[in-house]
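Me: Please take me through the aromatic rings and the sheet of this model, giving the cut-offs behind each term.

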Amino acid sequence: MFQKFLSIFLLALLGNVVAYAQADCLDADISTTEATCGLANGTVTITPTSGISPYFHEEFGGVPAAQFGNSVTFTDLAAGTYQLLINDSDNCGLDIFFQIEEDLIQVVSTIVQDVSCFGSSDGAASIDVIGG
């Protein structure tokens, strides 16, 4: 806070005050979980790593704008790209962009056993999958 005051004071002393923007005043860690099988069950947790608490987030996905402490988590997110603005109590803003990936089904192995003779029903198939 003192550094910001000193910067503004020095600019005012030089007569150059037009606007003041503080660079890199707010940063955050972002953690996401994937949405599964086309469902809206992904999550994002945003944890500010600088700035002045408490923090505030804009309206997001039906969740009204609100104040939060150390972190905020949004749930029920579908796969896609999202944007969210957070501010600290000193009104320093951070525009956050994040991606919720979709956990797709992946075929790991397939085993096919052909029938022994035309018309027989002794064939088999096996598919191992992960994800989804």
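Reply: Rings of Phe, Tyr and Trp (its six-membered ring) pair if their centres lie within 6.5 Å, and planes under 30 degrees apart count as stacked, over 60 as edge-to-face and the rest as tilted. The model is predicted, so local features need pLDDT of at least 70, side-chain atom pairs count only at pLDDT 80 or more, and totals for chains, interfaces and linings use all residues. Residues are numbered from 1 along each chain as its sequence is written, and side-chain values use heavy atoms, with hydrogens and water left out.

Me: Which residues form one aromatic cluster?
Reply: Searching the whole structure gives five aromatic pairs. The one aromatic cluster is formed by Phe-60, Phe-74, Tyr-82 and Phe-98.

Me: Is Phe-98 buried or exposed?
Reply: Buried means under 20% relative accessible area, exposed over 50%, and partly exposed in between, with a 1.4 Å probe and protein chains only. Phe-98 has a relative accessible area of 4%, so Phe-98 is buried.

Me: In what order do the four strands form the open sheet?
Reply: Two strands pair if DSSP finds at least two bridges between them, and three bridges join β4 (residues 55-57) to β7 (residues 80-88). The pairing in the open sheet is antiparallel, and the order of its four strands is β5-β4-β7-β8.

Methods
Helices (H or I, at least four residues) and strands (E, at least two) are DSSP runs, numbered from the N terminus.
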